[in-house]
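Dear colleague,

I am handing over the structure that we spoke about, and my notes on it follow below. Please read them with the model open beside you.

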Amino acid sequence: MSTTTMAAATGIPQARAWRGLPALAAAIVGVLALSTLVPEQGYTLNIFMQAATYSIAVAGLVVVLGYCGQISLAQAAFFGLGAYGVALGTVDFGLPFFVALLAGVVSATVFGVALGLASLRLGGHYLAMVTISFQQILTLVLTNWAGLTHGPDGVKNIARPSVPGLRLESGDHYLGLCLVTLMGITWYIWRLKTTRLGRAMQAVRDNEIAASTCGIDIFATKVLAFGISAVLGGLGGGLFAGAFAYISPDQFGFGESIVLLTMALLGGVQSPFGALLGTGLLVILPEWLRFLRQVYLAVYGAAVILIMVFLPDGLWGLTHRLRRPAPVAAGAVAPLPLLSQRGTETAEIAMAINGLAKHFGGLKALDGVDMAVRRGTVHALIGPNGSGKTTFINVVTGLYRPTAGRIAIAGQDVTGTAPHQRTRRGLARTFQNIRVFRGMTVLENVMVGAERPGNDIAEQPALVVERALAALDFVGLRGDAHRMVGTLSYGTQRYVEIARALAGSPQVLLLDEPAAGLNLSEKHELGLLLRRLKGHGLTILIVDHDMNLVEQVADHITVLNFGRRIADGGPRDVLSHPDVIAAYLGEPRQDAAA
Amino acid sequence: MSLVPQLLFTGFGIGAIYALVALGFVLLIRAASVVNFAQGEFSMLGAYAMVVLSGLLGVPYWVALPVAVLVMAGFGVLFAGATYWPLRHRGQLPVIISTIGASIFLANTVLALYGPSPEVLPGLFDTPGFEVGGVFMDSQYVAIMVTAAAMLLLQFLIFEKTLLGKKLQATSQDKEMASLLGIPVALMVLITFAYSAALGGLAGILVAPVLFVSVGMGTIISLKAFAANIIGGFGNIPGAILGGLALGIVETFGAAYVSVPYKDALAFGLLLLFLLIRPQGLFGEKIAEKA
């Protein structure tokens, strides 16, 4: 079956990269026709100019805040950098408009990426703090460095571009340019959400740890999202300078950043259409509500709180209720290609761990543990509470750095690498406390897994959909593909996690207490699923308390206690080992032994 | 006139203010995981409460001061009810955004009521100050330092020596566990908000005679509190205090030797430097999340 018929049969539109382009072309023609009705100058034109240029900047907030979950409070600063690029470039340096625009956008981008690099390695609130500071500093510089920026008086007589035949000097034609740019950007941002990068951003927003174990470079994704928002801020600002011919520092202050943020939140920060809606409303509303002039920022502040409490998805989010639910994915998909069927790997040891140690101060949570997970086997790691199992998993997956020891996956050393790099080598995992991407559908969750870098089909969108559906088929969740993952029960979400891991065709699947929180029948089903996986020859490392489950599926058991390996071998030998019995049931009393 | 000791004195004084605000900021992070972007607004409101009480209503200074601090404590509970309570189960991001909204709302409401021109608040003492060994000891700076030290001591005693303090600590370390032990977690969080707002308000009243009372003071003070936190180590209590003091000193020397208009830029520079070189701050531990 070809990929296009595949996508059609399953009712999944994601594969069509150019979706919406005819509508975009029609909209451009329509808007250009309408923009000739706008007068060449004056009040109405200014309203449209402001809405169009602000919308471009607000679209940037959709990417960084809506998709990637990072708060930027400096969008007005990037807007200002773009505007000053155009203003100073054309007025003081005599550059052509588009060269000056490019310079403005580049300077916004450079500052954006630099701030992102400095702050995004840490939690989301660091970016908020750094951008708030940057916003203040830029206002200081624009006001005080009069030699470069003309100081508080601002820059006058900014020329519009002159392109033969387009008459961009005229207000209505220039508005056309702004609107076409805006529509192109809106289309791009709308499509971005359904691309691999867009899903990576949303995964980072919903759960950073899970995203990194799906092979996503969290830091790079965040910097990229913030970079895109800075580019759009700069572009909107550059066009703004051309639109109004005069700019001054007070137009790009902290208050304006809040106005842009409110526009995004009001309209709905999850969608570029929401951004358009919010910007349009907040450009027009203050014109109607002139009596609020003194307090409009106070109103915006209160609006932000009210929106967060009562309308978290904004006005555009309300339209979700009106939309038809997506059809249940029907039609046949190729079975999930597990490793045994591909037969490409020859290394005997799938994962080798030697002398692994992790000390927290004086506490030796892991103390020289060895383990060899053979290809095609189910290897269980057990041990009483506090034995070091969780630390072991965190070290093996790269969340903690080991104090000593080596970890190799399929013969390649991964000891010093980041979590996402281990995933690229073929390590997949599930979590004891379920970590799914709550803002996404079941299918999208599993697609993120299928897009693991290093997976054979990661670069082919149509095959990613197919692989994700196959993984959902395998765990029996095909019918729920289009549901939001948060609406599923706890036990079912665990299967979504397993499907997400399977879709990435892992070398080794690490299951962290998969039976935790499941009821008896769910545990039974899990046991059946694991035996099916085992039948397909998948290499599994399972960490669990549940002896019943472990006995059912394990080929090999390693037992930890107080950070040391106390037994290792086949299930029958290990479970009758006196040290293991002692560890689980307590030491026999000294006098009783005597 | 010995410039360096004089600058050290001034730097310590202003740093003590930053330390107080940063302390309130850290307590909220620890008790409720709330990164409060309206922390500086507590100081602004405290100062304006004082302007209303002692300026407008003519309440004597020493009566107005505790009343203003109490009013701020009450306001802290109100603030929690509006920005934190409805969103507390939805993660960190919505709460952060709503505190940003609150900050804008508060600053601009006061702006609409009082206008942009700064108000003047008298200091704690009538005497301008005294000289010791060539250093002019401004009485307000002395008052700031003494009050800050007293507050730190009081907080230490409450946290370490009383049952309430232990409960507050337990809440900040592990809410779930604290709740299982029968500690009323919601009440503890509200108390933390009240205390944090009172602390911020007190800092605002103390710093008012030095900086003037203006609507913009909140944002500036918020920024200093963030910076103090990052320098000291995010969420670290001694770090916040030392970070605040360090920031005050760097800023005062910067204004004297580098540039006055860019004084506020120095805090940002220091913040960036720490983010790049030592993101865990002076006292912070490596930031790791448990899977």
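Leaving aside the neighbours within four places in sequence, D544(A) is in contact with A380(A), I382(A), E513(A), P514(A), A515(A), L549(A) and V550(A), where contact is taken to hold if the C-beta atoms of two residues, placed from the backbone, lie within 7 Å. Please bear in mind that this is a predicted model, in which local features need pLDDT of at least 70 and side-chain atom pairs count only at pLDDT 80 or more, whereas totals for chains, interfaces and linings use all residues. Residues are numbered from 1 along each chain as its sequence is written, and chains are lettered from A, and ligands numbered from 1, in the order in which they are written.

D544(A) sits in the loop between β8 (539-543) and α23 (547-553) of chain A; helices (H or I, at least four residues) and strands (E, at least two) are DSSP runs, numbered from the N terminus. D544(A) counts as buried because 22 other C-beta atoms lie within 10 Å, the cut-offs being 20 or more such atoms within 10 Å for buried, 12 or fewer for exposed, and partly exposed in between, with C-beta atoms placed from the backbone. The C-alpha atoms of D544(A) and P286(A), which are 258 residues apart along the chain, are separated by 60 Å.

Helix α19 (residues 442-450) of chain A is mostly covered, with nine of its nine residues buried, and what covers them includes α9 (196-206), α20 (461-475) and α21 (490-503) of chain A.

Turning to the strands, β1 (residues 349-360) of chain A runs antiparallel to β2 (residues 363-374) of chain A and is joined to it by nine bridges, strands being paired if DSSP finds at least two bridges between them. In this pair A357(A) stands opposite D367(A), and the two strands form a hairpin with two residues between them, where G361(A) in the turn has a positive phi of about 60°. β1(A) is also joined by five bridges to β4 (residues 404-409) of chain A, again antiparallel, with I353(A) opposite I407(A).

Finally, as regards the two chains, 38 residues of chain A are in contact with 35 residues of chain B. On the side of chain A that touches chain B, α6(A) gives the most, with eleven residues. By class, that side has 27 nonpolar, ten polar and one charged residues, where Ala, Val, Leu, Ile, Met, Phe, Trp, Tyr, Cys and Pro count as nonpolar, Asp, Glu, Lys and Arg as charged, and the others, Gly among them, as polar.

With best wishes
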